[in-house]
Amino acid sequence: MGLEICCNKKKHMSEIAVNIKELNEKIQKESSFVDMVTLEMKKVIIGQKHLVDSLLIGLLSDGHILLEGVPGLAKTLAIKTLAQTIDAKFSRIQFTPDLLPADLIGTMIYSQKNEEFQVKKGPIFANFVLADEVNRSPAKVQSALLEAMQEKQVTIGAETFELPKPFLVLATQNPIEQEGTYPLPEAQVDRFMLKVVINYPTKDEERLIIRENLGKQFPAATTILKSEDIINARNVVKEVYMDEKIEQYILDIVFATRYPAEYKLGQYSNMIRYGGSPRASIYLAAAAKAYAFIKRRGYVIPEDVRAVCHDVLRHRIGLTYEAEAENITSEDIITDILNNVEVP
Amino acid sequence: MILFSADVIGQLVSVQAQLDSNTIVIGDQIGLKIEVKKNRGDIIKFPAFGDHLTEEIEIIDKTAIDSVWLKDEDKVLLKQQLLITVFDSGLYYIPPIEFILVSGNTADTIRSRSNYLEVLPFALDTTNTIRDIKAIEKAPVGFTEIYPYVLAALFAGILVWVLLYYLKKKKNNEPILGRLKIEEPAHIIAMRELEALKAGKLWQRKEVKRYYSILTEIIRRYIERRFKILAMEQTTDEILTELVGTGLVKPEDLKVLKETLEQADLVKFAKADPLPDENETHYENACKFVNNTKFREDFIQVKDLNEPVSNEVTI
């Protein structure tokens, strides 16, 4: 009798867990490259774990990233290393005040030999594009980049060209030099899935950085992935299970940025000029799924949402003058929202 | 005392102007009663009296014209009372008072009889010696004068009472407004809710997800009340980390809690469907956690008596 119960239990257990188990197994298999990529990146990038995770989230959920940090924090090196680990084309564009859209997307050049105009594709035709100091160029160049990010295609002359897949833009901004810059308008910032703020490394990390840089040979990452692997992984990420309780949690967080008083955050009512758009909800869900994938899980838990929440929302909350006068930042507001919205 | 009789003008209208007295002392006030008896339908226009009746006679007050229907005579009696005074001695002539009578298509002027008023000076008492001028008399103090002070005293009294009330409440650690609400201990609430959950038989009715949602909510609310941790707004990992930080929960209780919360997460977010005995086990885990961590005086004492509570819990 006892044996029968035991067998039934095992059978039952195997039946009930089948969906999640299958999904978990699939994710374990498909996400094995995550550890490899992380290891390769760690060879080159010391510390900056959050940056590496964010790059992977952007890569896996097909979202572009805006990086903000003072110069010298390995922003460029990180994206370059990520491109190295994947067999993908990388290009770096330094945004300057005299940059023109044609310098970015390409132009038609007259060929005297063929006596016709030929398309000269710009540096945007790459899998990984680093738009360095994106706020140094005027609005027309920023618009050209952001349009390409959104449409995933570029029109030169009368011809439209698809951008390669995967296509990931990493734009950087320097938070300390604001003179002579063209801050990205809210509508355009919203198109970045994540805004990642990079901080200084720790003392130990910096010690290692010194040693590596002054060593005889600077380490290099090895190519371990193909572009197709990323596209396959993106499809698996979409399969990660998100329960309606998590969806509700995401909605509560985003709605709290719009109507703080309804979430016992009345003190922010006159400090938030505008809250997160529906794009915020979409990206928060997508980023949470990608984060769960990185953590080798087939389902999203509240921890995943909280882990990506700051990066997804910090550039989507507009502050009023009152907030600026009182030194309230969007970071403070997001933290308070997370501390006030009930976790399912 | 009637000193003047009335005139009779015409056949149907009579006018009277009577003084209450013909003799007064300087400054005294005296009434002049004016009465006009007229037929119904006739119109009598009274003179418009100003401040003076004559140059010397002042009108202090006057009543409105009152009308009375005299049923027996079928007439209307109009009455007005003037209050007059004079501030000089002598004999004063009160001229006839003129009224305009409008009867049908005709109008006529009718007059009362003239009167005399004698105003006498004060009699001097020559028998007594000359006395000094009287001192200024103090007016009696009225409510108008004292009410600001009354209000101030009342306000000060209320203020003192409020202050004493506040200090008393603070001293007794009672709420300022309302009565002291005795809060139920967190574990009593939690155990009652757990009992209700059991009675609900949710997982037996295949409502496993709801069962675990309520179970974790009870545990989290208990943690919130018992340890003052914002457990409702925290994830499983965060709750466990904070509980370790309190140093009030034993490692074996943390382990039990961790198992239950993680199982609940799987049910809530990953469609897991545990076995019936697992549901029972996690229910018992919850009860055990509440019972083992409930607030006890002796628990604190044990802790104070250098009974170390290990923080080295792997979560």
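Biologist: How many bridges pair β10 of chain B with β11(B), and in which sense?
Modeller: Six bridges, in the antiparallel sense. One thing to keep in mind throughout is that this is a predicted model. Strand β10 of chain B covers residues 98-103.

Biologist: OK, and what stands opposite Val102(B) in β11(B)?
Modeller: That's Ala107(B).

Biologist: Which sheet do those strands sit in, and in what order?
Modeller: An open sheet of three strands, ordered β5-β10-β11 in chain B, with antiparallel pairing. At its edges stand β5 (43-45) and β11 (106-111) of chain B. Each has a single partner strand, so one side of each has no neighbour in the sheet. On average, neighbouring strands here are turned by 25° against each other, direction ignored.

Biologist: What's the strand order in the open sheet that has mixed pairing?
Modeller: β3-β12-β9, three strands of chain B. The edge strands are β3 (23-25) and β9 (90-94) of chain B, each pairing on one side only. The twist from one strand to the next averages 30°.

Biologist: How many bridges join β9(B) to β12 of chain B?
Modeller: Five, and the two strands run antiparallel. Strand β12 of chain B is residues 115-120. If you want a pair to click on, take Leu91(B), whose bridge partner in β12(B) is Glu118(B).

Biologist: Switching to helices. At what angle do α3(B) and α6 of chain B pack?
Modeller: About 10°, with the axes 11 Å apart. That makes α3(B) roughly parallel to α6(B), because angles under 35 degrees count that way.

Biologist: Which residues meet there?
Modeller: From α3(B), the contacts include Tyr211(B), Leu215(B), Ile218(B) and Tyr222(B). On the α6(B) side, His282(B), Tyr283(B), Ala286(B) and Phe289(B) are among them.

Biologist: And what comes between α3 and α4 of chain B?
Modeller: A loop, and Lys228(B) lies in it. The phi of Lys228(B) is near 55°, which is positive although the residue isn't glycine. Most residues other than glycine have a negative phi.

Biologist: Is Lys228(B) buried or exposed?
Modeller: Exposed, because Lys228(B) has 11 C-beta neighbours inside 10 Å and 12 or fewer counts as exposed.

Biologist: Over to chain A. Where is Glu115(A)?
Modeller: In the loop between β4 (106-111) and β5 (116-121) of chain A. Phi of Glu115(A) is near 55°, again a positive value in a residue other than glycine. Glu115(A) is exposed, with 7 other C-beta atoms within 10 Å.

Biologist: What kind of peptide bond joins Lys165(A) and Pro166(A)?
Modeller: A cis one, with omega about -5°. Most peptide bonds are trans. You'll find Pro166(A) in the loop between β8 (159-162) and β9 (168-173) of chain A.

Biologist: Last one: which residues of α10(A) are buried?
Modeller: Ile230(A), Ala233(A) and Val237(A). They cover an arc of only 60° around the axis, so they sit on the same side of α10(A). An α-helix has 3.6 residues a turn, so residues three or four places apart point the same way.

Biologist: What does the face turned away from the buried side carry?
Modeller: The exposed residues Glu228(A), Ile231(A) and Asn235(A) of α10(A).

Conventions: Residues numbered from 1 in each chain as written. Chains lettered and ligands numbered in written order. Predicted model: local features only at pLDDT ≥ 70, side-chain atom pairs only at ≥ 80, totals over all residues. Pairing = 2+ DSSP bridges. Helix = DSSP H or I, 4+ residues; strand = E, 2+ residues; numbered from the N terminus. Axes fitted to C-alpha atoms, helices over the stretch in contact; angles between N-to-C directions. Buried ≥ 20, exposed ≤ 12 C-beta atoms within 10 Å, placed from the backbone. Arc of directions from axis to C-beta. Parallel < 35°, antiparallel > 145°, perpendicular 65-115°, else oblique. Contact = placed C-beta atoms within 7 Å.
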